[in-house]
Amino acid sequence: MSSYPIIVFEGIEGSGKSYLSKKLFKSLKKRRINTILTREPGGTELAEAIREAMLAKWQEEITGLTEVLLVFAAREQHLKNVIRPNLERGTWVVCDRFTDATFAYQGEARGVDAEIIERLEQWVQVDLYPDLTFFLDLPPEESESRIAGREKDRMESENRDFFQKVRSGYIRRAKGHKRYCILDASRPLEEVVSDLRHRLLNFVQENS
């Protein structure tokens with residue numbers, strides 16, 4: 001656990017991660033807590049370029065292992081140039097996705113051996129892990145409905161079975177880590193926001 005918290009939002013497409021991570025970021029800023037909002041893959045110039053390459057639709061096959069290596073290359077840049085320096089300055093970090101996404105998408109859904117991901121996790125992150133993870137649980141059929149009108153990248157274009165595996169991977173991870181807070185993202189948005197605020201208040205009190 002870092003001296004200052006890392007709060008992560010996880011979930012499949014359409015679950016509201018981006019919206020709720022921004023919501024939480026603004027809530028922390030209102031409380032005058034030094035906070036940054038970032039995302040994975042991405043967060044730096046090079047990491048964003050890796051993200052773009054990873055999510056592009058290529059003619060050649062992109063293997064699960066290739067995705068894992070790209071994600072951790074981006075994560076190394078992100079940790080070195082954004083996350084660690086901000087934590088050292090006493091800044092809280094709110095991140096849209098982190099390593100749990102790698103276990104869910106590339107591990108569970110792509111079939112990459114979890115041991116490979118764990119080794120890279122230890123190598124790149126060393127002792128740095130999220131302190132609180134909000135998993136926005138959403139059925140794949142609801143996800144399809146929510147993102148139906150958007151232009152989809154390579155990952156978003158996967159089928160329902162793929163996202164069911166991703167969801168199962170997240171649920172399995174959530175059961176094994178106390179830092180997880182599972183929110184039913186299929187409910188009306190105001191209910192999800194209310195739950196988020198309640199959990200955030202408790203977390204802020206515990207870490208102030």
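Visitor: Which residues does Tyr105 touch, not counting residues up to four places away in sequence?

Guide: This is a predicted model, in which local features need pLDDT of at least 70 and side-chain atom pairs count only at pLDDT 80 or more, while totals for chains, interfaces and linings use all residues. Residues are numbered from 1 along each chain as its sequence is written, and side-chain values use heavy atoms, with hydrogens and water left out. Contact here means heavy atoms within 4.5 Å. By that criterion, Tyr105 touches Gly11, Ile12, Glu13, Arg97, Arg110, Met155, Phe162, Phe163, Val166 and Tyr170.

Visitor: Which residues touch the most other members of the largest nonpolar core?

Guide: A nonpolar core is a set of buried Ala, Val, Leu, Ile, Met, Phe, Trp, Tyr and Cys residues joined through side-chain atoms within 4.5 Å. Buried means under 20% relative accessible area, exposed over 50%, and partly exposed in between (1.4 Å probe, protein chains only). Among the 37 residues of the largest core, those touching the most other members are Leu24, Leu28, Tyr105 and Phe134.

Visitor: Which helix supplies the largest share of this core?

Guide: Helices are DSSP runs (H or I, at least four residues), as are strands (E, at least two), numbered from the N terminus. The largest share amounts to 6 residues, and these come from helix H8 (residues 189-207).

Visitor: How many disulfides does the structure hold?

Guide: A disulfide is a covalent bond between the sulfur atoms of two cysteines; the criterion is a pair of cysteine sulfur atoms within 2.5 Å. Cys95 is in no disulfide, as the nearest cysteine sulfur, that of Cys181, is 17 Å away. Cys95 is buried at a relative accessible area of 1%, and Cys181 is also buried, at 14%. The number of disulfides is 0.

Visitor: Is Asp96 buried or exposed?

Guide: Asp96 belongs to strand S3 (residues 92-96). Leaving aside neighbours within four places in sequence, Asp96 is in contact with Phe9, Lys17, Ser18, Ser21, Thr38, Arg39 and Glu40. Because its relative accessibility is 9%, Asp96 counts as buried.

Visitor: With which residue does Arg39 form a salt bridge?

Guide: A salt bridge is a side-chain nitrogen of Lys or Arg within 4 Å of a carboxyl oxygen of Asp or Glu, and a search of the whole structure finds 17 of them. Arg39 is partly exposed at 34% relative accessibility. The closest N and O atoms are 2.7 Å apart, and the partner of Arg39 is Glu48.

Visitor: In which helix do Arg119 and Glu115 both lie?

Guide: The side chains of Arg119 and Glu115 meet in a salt bridge of 2.7 Å, N to O. Arg119 counts as exposed because its relative accessibility is 56%, whereas Glu115, at 40%, is partly exposed. The two residues are 4 residues apart, about one turn of the helix, and both lie in helix H5.

Visitor: Is Glu156 buried or exposed?

Guide: The side chain of Glu156 meets that of Arg150 in a salt bridge (2.7 Å, N to O). Arg150 is partly exposed, with a relative accessible area of 39%. Since its own relative accessible area is 12%, Glu156 is buried.
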